[in-house]
Amino acid sequence: MSVPVSQMWTVASYVLSQKLARRKQYPLVLMLEPLFRCNLACAGCGKIQYPAHILKRQLTPEECFKAVDECGAPIVSIPGGEPLMHPEIDKIVDGLVARKKYIYLCTNALLLKEKIGLFKPTKYLTFSVHLDGQEEHHDLAVCREGGYDIAVEAVREALKRGFRVTTNTTLFDGADPKSVRAFFDEMMALGVEGMMLSPGYSYDKAPDQQHFLGRARTRRLFRAILSNRNPEWRFNLSPLFLEFLMGKRHYPCTPWGMPTYNIFGWQKPCYLLQDGYADTFAELLAETEWSNYGTESGNPKCANCMVHSGYEASAVNDTFSSIGGFLATVKATLSSRYADPGALKLLDEPQAIGQPLVQIAGAEESSQPLQETRA
Ligand code: SF4
């Protein structure tokens with residue numbers, strides 16, 4: 001198991017209580033973005049392209065606590081921007097720990113060694129370190145030579161001090177599955193608790209057939225990576241979400257499962273799209289036209305999407321919705337090798353030259369995607 005039993009129990013009892021209350025839309029993870037500033041300029045991220053007056057703004061600790069209390073999700077993920085650049089990030093974390101929230105502080109780790117003294121190890125705090133693959137691939141993805149070495153050194157320091165540490169990896173078309181598998185081996189040898197994984201978000205204005213191929217390519221890539229697993233690999237994700245990525249399951253998107261709060265308010269409908277903002281979480285749930293989103297909606301912005309922030313909550317919901325979903329989760333947890341000779345052949349296929357990291361929406365779209373490809 002890659003997460004503490006207390007965390008699993010908290011999540012399970014929370015989901016069951018939502019089911020007993022017959023709530024159809026409930027949040028599982030709050031994506032709390034306290035700022036958009038970052039000390040990297042990754043090719044796959046457009047948040048730092050906000051104007052300077054937006055980049056200077058940040059949520060206060062009190063604004064963060066209000067959002068967390070309003071939302072009620074048991075897990076709070078803190079992406080950004082780079083949260084360690086927030087001058088009061090320690091106060092934010094302390095306030096969330098006091099509320100017994102399980103926190104995933106998502107960081108590129110460039111500042112982690114410098115700031116680690118601000119934090120105390122606790123089961124409630126996990127550093128989720130952004131690493132997009134082996135050294136050469138990660139440095140290319142974050143446009144920073146030496147970024148991998150700095151992050152790995154910070155992971156070692158955090159582990160030495162007793163912190164929970166996971167990795168957070170976003171994969172795109174053209175990723176080399178052999179290299180990704182070798183990266184998993186490296187991370188397990190490093191001693192991280194588990195690995196988080198998601199395909200990047202690729203908005204594409206292409207016709208439907210290409211949209212289909214987009215999802216088909218994603219499934220093919222994840223089938224190659226996640227079949228015939230090294231039993232040592234541990235993932236900090238629902239096993240059914242991994243099966244979804246491999247093409248073994250179909251799920252509709254659950255955009256309210258991981259709602260986003262930032263300096264603009266509650267973002268409609270999800271972490272990736274910006275179709276306006278709500279002032280309160282209740283307003284977000286009540287006033288968003290949810291039927292306009294997800295693959296089945298026909299919305300072209302959702303056509304290729306299989307990201308963690310849209311679909312992991314669907315997988316978790318499946319686990320708790322039926323005996324079949326629960327038994328499938330138990331089976332996937334106990335026997336997770338996924339032997340597949342066909343997938344072994346995929347590993348030997350020649351890889352695309354170059355790395356198409358970014359697919360950015362056109363400015364003429366009525367809504368304004370964040371140009372954000374990380375999930
Ligand atoms: S399918 Fe993706 S882009 Fe569309 S609402 Fe769901 S998470 Fe957002």
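Which residues does V76 touch, not counting residues up to four places away in sequence? In this predicted model, the contacts of V76 are L30, L32, V68, L96, K101 and I103.

**View 1. V76 in the largest nonpolar core.** The largest nonpolar core has 85 residues. L30, L32, V76 and I103 are the members that touch the most other members.

View 2. Helix α3 spans residues 61–71, and its buried residues are C64, A67, V68 and C71. These residues lie on the same side of α3, because they cover an arc of only 100° around the axis. The face turned away from that buried side carries the exposed residues E62 and D69. The cover over the buried residues of α3 includes the strands β1 (29–32), β2 (75–78) and β7 (260–262). Helices α4 (89–98) and α11 (281–287) are also included in this cover. G72 follows α3 and has a positive phi, near 85°.

**View 3. Strand β5 between its pairing partners β4 and β6.** Strand β5 covers residues 164–171; eight of its eight residues are buried, so the strand is largely enclosed by the rest of the structure. In a regular strand the side chains alternate between the two faces of the sheet. In β5, R164, T166, N168 and T170 point one way, while V165, T167, T169 and L171 point the other way. The residues of both sets are buried. Strand β4 (residues 125–130) pairs with β5 in the parallel sense over five bridges, and V129 has T167 of β5 as its bridge partner. Strand β6 (residues 194–199) also runs parallel to β5 and is joined to it by six bridges. Here N168 stands opposite M196 of β6.

View 4. Strands β8 (residues 265–269) and β9 (residues 274–278) are antiparallel and pair over three bridges. Q267 stands opposite Y277 in β9. P269 has its place in strand β8.

**View 5. The shell around the ligand.** There are 15 residues around the ligand. Those that come nearest are C253, C270, C302, C305 and G310. By class, the shell consists of ten nonpolar, four polar and one charged residues.

**View 6. Positive phi at N228 and Y338.** N228 is not a glycine, yet its phi is positive, about 50°. This residue is found in the loop between α9 (208–226) and α10 (239–245). N228 counts as partly exposed because it has 15 C-beta neighbours inside 10 Å, where a buried residue would need 20 or more and an exposed one 12 or fewer. Y338, likewise not a glycine, has a positive phi of about 55°. Y338 lies in the loop between α13 (323–334) and α14 (341–347). With 16 C-beta neighbours inside 10 Å, Y338 also counts as partly exposed.

Key. Residues numbered from 1 in each chain as written. Predicted model: local features only at pLDDT ≥ 70, side-chain atom pairs only at ≥ 80, totals over all residues. Near = placed C-beta within 6 Å. Nonpolar A, V, L, I, M, F, W, Y, C, P; charged D, E, K, R; others polar. Core = buried A, V, L, I, M, F, W, Y, C linked by C-beta atoms within 7 Å. Contact = placed C-beta atoms within 7 Å. Pairing = 2+ DSSP bridges. Helix = DSSP H or I, 4+ residues; strand = E, 2+ residues; numbered from the N terminus. Arc of directions from axis to C-beta.
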